[in-house]
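My notes follow the order in which I looked things up.

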Amino acid sequence: MFDRVPARVWLLLAIGAIAFMPARYIYRHVVHSPSRRDITQRAPDLSWRTSGQLARNLLLLVALVAFAIFIFTPTAQHFARSPQFWPLLMAAFGVWALFTVARGFKTGRIEPLARGFNNTYERIAHPKRYWASMAWNAAFGAMLIWLGFGVPTNAAENPCTYEKVALLKDKLAACEELIQRRPNDPYAYFNRGLIAINVGDYDQAVADLTRAHELDSGDPWSLANRGLAYAWKKDQARAEEDFRAVRAIDPSNVVMLRGEALLKMNAGDKKGAVESLSASMTDDPDNLWALRTRSELYYELGEFEKSRQDDSRWVKLMEEARSRQARALSNSRQSELR
């Protein structure tokens, strides 16, 4: 059930939980202004009300609002698909939980995470609850960090991914199983579409990426990759239609730029293709296909030194990739023996 909840929903819930404390402080700071005090009553203790604390809480609240806006951008959506997303997210919350423990030691006050930040315990006034809350926050933070970095995640174990080129055909069957279990998961269709592009099954890629776009119409990456599949099919009209839609949302989308380079190559515009590939490599300089293709285009244009530089860079990256695959295979075999 929970795996169908979009990642943005979890992030917004987390942002709201974290924002509660600074927002409460800012509210209290305004409400307890000395100018609002009833002079007929005894002056309350306002030692907690400082300009420095107000500034820190305002900065934290602004940062959280900015982050809430950022998670709706194409860059954030693309990162949410990566295998590193959930481990890093859990580790980040774990670090934050440990930070509350360090802050509790310094201030003598702690808000137990399990209670939704609604209760604050002081070391002197509530010693048992204070130390129990400190222990809970520390254990909770350590557990999240361990889950983030010490436990294999579903994304890493999920065979329906497109990172390991050597086994892409084998992974298509795994994607089929994943889609049967989660028929409304846009990421499953998206990943299978990327695999289909890599194995040259462009009709399958178009079908899967169309379905992914139907399930998540705000994501430009499905359209960009579908446009790329159309470009490989030499369906220029449909490719350009997808690329126009992507450019309106994300004008620097690297997949769109590579697709436009492919369209220009189909039309015989080698210089234009080089320009599009160079633009795509601004954010993705180590893309193997872009490097190899630009090297060949430079050679055909007579720019041999630039061709040689791209080719050398491509060879180096391929050697590094083979070395990583060899280490991964060795580690896998050692795990099986254990």
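**Helix packing notes**

I began with helix H13 (residues 270-280) and helix H14 (residues 288-300), which pack with their axes 10 Å apart and at an angle of about 150°. I kept in mind that this is a predicted model.

I then listed who touches whom: Lys-270, Ala-273, Val-274, Leu-277, Ser-278 and Ser-280 supply the H13 side of the contact, and Trp-289, Ala-290, Thr-293, Arg-294, Leu-297, Tyr-298 and Glu-300 supply the H14 side. Sorted by type, the residues of the contact of H13 with H14 come out as 7 nonpolar, 3 polar and 3 charged.

Next I turned to helix H10 (residues 220-232) and helix H12 (residues 254-266), whose axes lie 8 Å apart and whose packing angle is about 15°. With angles under 35 degrees counting as roughly parallel, I therefore wrote down H10 and H12 as roughly parallel to each other. H10 passes H12 in a left-handed crossing. From H10 the contact draws on residues including Trp-221, Ala-224, Asn-225 and Leu-228, and from H12 on residues including Val-255, Met-256, Arg-258 and Leu-262.

What does H10 meet in H8? I found that Phe-190, Leu-194 and Ile-197 in H8 meet Trp-221, Ser-222, Asn-225 and Ala-229 in H10. The residues of the contact of H8 with H10 divide into 5 nonpolar, 2 polar and no charged. The axes of helix H8 (residues 186-199) and H10 come within 11 Å and cross at roughly 20°, which makes H8 roughly parallel to H10. H8 passes H10 in a left-handed crossing.

Last, I checked helix H9 (residues 202-215): at 1.5 Å a residue its 14 residues should span 20 Å, and its end C-alpha atoms are 20 Å apart, so the two agree. Which residues of H9 are buried? I noted Ala-205, Val-206, Asp-208, Leu-209, Ala-212 and His-213 as buried, and the buried residues of H9 pack against H8 and H10.

Conventions
Residues are numbered from 1 along each chain as its sequence is written. This is a predicted model: local features need pLDDT of at least 70, side-chain atom pairs count only at pLDDT 80 or more; totals for chains, interfaces and linings use all residues. Side-chain values use heavy atoms; hydrogens and water are left out. Axes are lines fitted to C-alpha atoms, for helices over the stretch in contact, and angles run from 0 to 180 degrees between N-to-C directions. Helices (H or I, at least four residues) and strands (E, at least two) are DSSP runs, numbered from the N terminus. Angles under 35 degrees count as roughly parallel, over 145 as roughly antiparallel, 65 to 115 as roughly perpendicular and the rest as oblique. A crossing is left-handed if the near helix is turned anticlockwise from the far one by less than a right angle, and right-handed if clockwise. Contact means heavy atoms within 4.5 Å. Ala, Val, Leu, Ile, Met, Phe, Trp, Tyr, Cys and Pro count as nonpolar, Asp, Glu, Lys and Arg as charged, and the others, Gly among them, as polar. The expected span of a helix is 1.5 Å times one less than its number of residues. Buried means under 20% relative accessible area, exposed over 50%, partly exposed in between (1.4 Å probe, protein chains only).
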